[in-house]
Amino acid sequence: MKHEINRGREGIEEVNGLLKVGIIGLGDVSLVHRHAIKTSQYGKIVAVCDRNPNLREDWMEFPFFTDVETMLQEMKLDVVHICLPHYLHYFMTKLCIQYDVHVLLEKPVAISFQEALEQNKLALSTDKKICVCFQNRYNKSFITLKERLEKEEVGKIKSVKGLVTWFRPETYYTSKPWRGMKKEAGYGSIINQSIHTLDLIQLLGGSISSCKASLSNLTDYDIEVEDTASATFIFESGVKAFFHATNAYTENSSVELQVVTEKEKFTIKDNKLYLTKLDGDKELIAEDDFVPGTKSYYGNGHVRLINSFYDSIINQNDDYITVKDALPSMEMIEMMDRSSQNAQQPKRITREDVLNETVS
């Protein structure tokens, strides 16, 4: 595949005026990135990489590599999207930075809070940009919510509620075993499915003060990570938050984010922002854009986040989600883990167990 290479703004190599983009890791979420990059006016995919050569046929229009360093050496990329298992995020980001490439990193920023701090040191040590993919910040419903909350007439935020009740079959873990392994995933539902909700909660609450939490497993899957978590958070602002996430439901229900202020109540659900009036009626305020071909709860945030990041590279501004911006979510996970250390792990009890023990 032949590319027309130019030396563009501030030394950035471009393909017909676009940033040269590569994707590392061609699993499920890479398809979302592929769609978003294709719609971008700033970047163009020029290479992809996965150690599984059988994926080549799904990416035939791009040069395909099975070795990351070979791709970085040969393609002289401007930006790499890292869509790999969590335990590879820090290592691969560091490698890309060594090759002088900007990084767009899928969440989480790292496998643990400790490693996230190392990731932040890396970000501070380089002039290359590392953007963390918290695309829900760019959803129209959340942007509108933030704008409403900044108005004095709604009063101060009193409380926040975040609910993520989803379903993951056991094959979700058996098909890709790293998802259920502590050393490769870090955590389960709180780092893989609901970290976006934690991120939005901390954006609303501010600096976190304390947490009380319980991490548990309500499915009967043979996994090391939790599939369910409940927590309360108290923020320095006085805001209190309740959070619940699980993969043990029977379907992927809409994520719910509710904010109660001194005078109003706002709820994001089904990708829509509502204002609940005093008489109980709901007023629709904003609705997320739907992206055909993607999961309904993804929204259009990836497109906006990627365009904002590419623009920050080209125009050398800081309008993107940095590693430092992503640290509070990892801190919340660390606090939940530590709080839950003394919690008993429940076991499944059958009705027969209860009846037999009661009778005996």
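Which residue does Lys121 meet in a salt bridge? The partner is Glu118, with N and O 3.4 Å apart. Both residues sit in helix H4 (residues 113–124), and because they are three residues apart there, about one helical turn separates them. Lys121 is exposed at 53% relative accessible area, while Glu118 comes out as partly exposed at 28%.

Keep in mind that this is a predicted model. Opposite charges on side chains can pair when the charged atoms come close.

Next up is Lys38, which pairs with Glu61, their closest N and O atoms lying 3.3 Å apart. Lys38 belongs to helix H1 (residues 28–39), whereas Glu61 is in the loop between strand E4 (43–49) and strand E5 (64–65), so this bridge ties together parts 23 residues apart in sequence. Lys38 counts as exposed, with 55% relative accessibility; Glu61 is partly exposed at 33%.

Then there's Asp289 with Lys140, another salt bridge, at 3.2 Å from N to O. This one links distant parts of the chain, 149 residues apart: Asp289 is in the loop between strand E16 (282–287) and helix H10 (301–314), and Lys140 is in helix H5 (residues 140–149). Asp289 is partly exposed at 27% relative accessibility, and Lys140 is also partly exposed, at 34%.

| Salt bridge | N to O distance |
|---|---|
| Lys121 and Glu118 | 3.4 Å |
| Lys38 and Glu61 | 3.3 Å |
| Asp289 and Lys140 | 3.2 Å |

Note on methods. Residues numbered from 1 in each chain as written. Predicted model: local features only at pLDDT ≥ 70, side-chain atom pairs only at ≥ 80, totals over all residues. Heavy atoms only, no water. Salt bridge = Lys/Arg side-chain N within 4 Å of Asp/Glu carboxyl O. Helix = DSSP H or I, 4+ residues; strand = E, 2+ residues; numbered from the N terminus. Buried < 20%, exposed > 50% of the residue type's maximum accessible area, 1.4 Å probe, protein only.
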